[in-house]
Amino acid sequence: FDTFKYMFTKGGFLGYLTNSLIASVSATVISLVFGALGGYALARGNFKGTKHISFWIISTRMAPIPAVMLPLYLLFTHLNLVGTMTGLIFAYTTFNLPFALWMMMIFFREVPEALEEAAMIDGCSKFQAFWKIAVPTATPGLVATGILCLMFAWNDFMFASIFSGHRTQTIPVAASMLITQQGIVWGQAMATGTVIITPMVVAGLAVRKYLVQG
């Protein structure tokens, strides 16, 4: 308990925790909003090339992180986003959004179109049918996708180590700094591991019903 007290008082751990929360939650919300809209469009769209677009989207998620690091770094440097919270959020979104699009497309395809058609007959617009019928029906998929996107962002080390700055470092980066040439600070390392794991365990238990359905 003395280790936890030191970390949250003199160790500056609260700042790392805040950065992780802001970056991971923001990236998850952005990915869910655009993922739901894009996934619905792909699920209900009758335009040509839907399958090709779907594969192209998920193929960007298949790419290994080191393969996109240099292009992203050059782009973020040009836009002055390296070392900023905005840049870190965008970096997380680049990998979470394709995953969210693909997942939501699959879940919206399982929602019967007859429900939306009935709502539009009763006077709903296309967007109202999406918001009031399709989204609530696909809630298990939305929650499952959100939790997985949150876990990806929360646990990320690669993006955070490159695109974060001194004031925007996250918990995984802080944990890596406990391993030095002189040795490992075991007390703080174990405490940090506990703090990293606990929120995701709690979130998973809270929505486990939706995760199983998703």
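Me: Let's start with a simple one: in which helix is Phe127 found?

Reply: Phe127 sits in helix 7. Keep in mind as we go that this is a predicted model.

Me: Okay, and what makes Phe127 count as buried or exposed?

Reply: Its relative accessibility is 51%. Exposed means over 50%, so Phe127 counts as exposed.

Me: Which residues make the nonpolar surface patch?

Reply: Leu21, Val25, Val29, Val33, Phe34, Leu37, Phe127 and Trp131 make it, and the patch covers about 780 Å². Helix 2 (13-44) and helix 7 (126-137) are the elements that give two or more residues to it. The largest share, 6 residues, comes from helix 2.

Me: Staying with helix 2, why is Asn19 called buried?

Reply: Asn19 is found in helix 2, and its relative accessibility is 10%. Buried means under 20%, so Asn19 is called buried.

Me: What does Asn19 touch?

Reply: Leaving out residues up to four places away in sequence, Asn19 touches Met85, Arg167, Thr168, Gln169 and Thr170.

Me: How many salt bridges does a search of the whole structure find?

Reply: The search turns up 1 salt bridge. The side chains that meet in it belong to Arg44 and Glu116.

Me: What makes the Arg44 and Glu116 pair a salt bridge?

Reply: The N to O distance is 2.7 Å. The rule asks for a side-chain nitrogen of Lys or Arg within 4 Å of a carboxyl oxygen of Asp or Glu, so the pair of Arg44 and Glu116 qualifies.

Me: How do you know that this pair links distant parts of the chain?

Reply: Look at where the two residues sit: Arg44 is in helix 2 and Glu116 is in helix 6 (residues 113-121), 72 residues apart.

Me: Why are helix 7 and helix 8 called roughly perpendicular?

Reply: Their axes cross at roughly 65° and come within 4 Å, with helix 8 running over residues 139-155. Angles of 65 to 115 degrees count as roughly perpendicular, so helix 7 and helix 8 get that label. Val135, Pro136 and Thr137 of helix 7 make the contact with Thr139, Pro140 and Leu142 of helix 8.

Me: And how do helix 1 and helix 11 cross?

Reply: The axes of helix 1 (residues 2-9) and helix 11 (residues 186-206) cross at roughly 75° and come within 9 Å. The range for roughly perpendicular is 65 to 115 degrees, so helix 1 is roughly perpendicular to helix 11. On the helix 1 side, the contact is made by Thr3, Phe4, Tyr6, Met7 and Phe8; on the helix 11 side, by Gly187, Gln188, Ala191, Thr192, Thr194 and Val195.

Me: Zooming out, what are the elements of the protein chain?

Reply: There are 12 helices and 2 strands. From the N terminus on, they run α-α-α-α-α-α-α-α-α-α-β-β-α-α.

Me: What share of the protein chain counts as buried?

Reply: 41% of its 214 residues do. The accessible surface comes to about 12,100 Å², and 69% of that belongs to carbon and sulfur atoms.

Methods. Residues are numbered from 1 along each chain as its sequence is written. This is a predicted model: local features need pLDDT of at least 70, side-chain atom pairs count only at pLDDT 80 or more; totals for chains, interfaces and linings use all residues. Side-chain values use heavy atoms; hydrogens and water are left out. Patches are made of residues with over 30% relative accessible area and no salt bridge: like charges are joined within 9 Å, nonpolar side chains (Val, Leu, Ile, Met, Phe, Trp, Tyr) within 5 Å. Accessible areas come from the Shrake-Rupley method with a 1.4 Å probe; for residues, only the protein chains shown count as cover. Buried means under 20% relative accessible area, exposed over 50%, partly exposed in between (1.4 Å probe, protein chains only). Axes are lines fitted to C-alpha atoms, for helices over the stretch in contact, and angles run from 0 to 180 degrees between N-to-C directions. Angles under 35 degrees count as roughly parallel, over 145 as roughly antiparallel, 65 to 115 as roughly perpendicular and the rest as oblique. Contact means heavy atoms within 4.5 Å.
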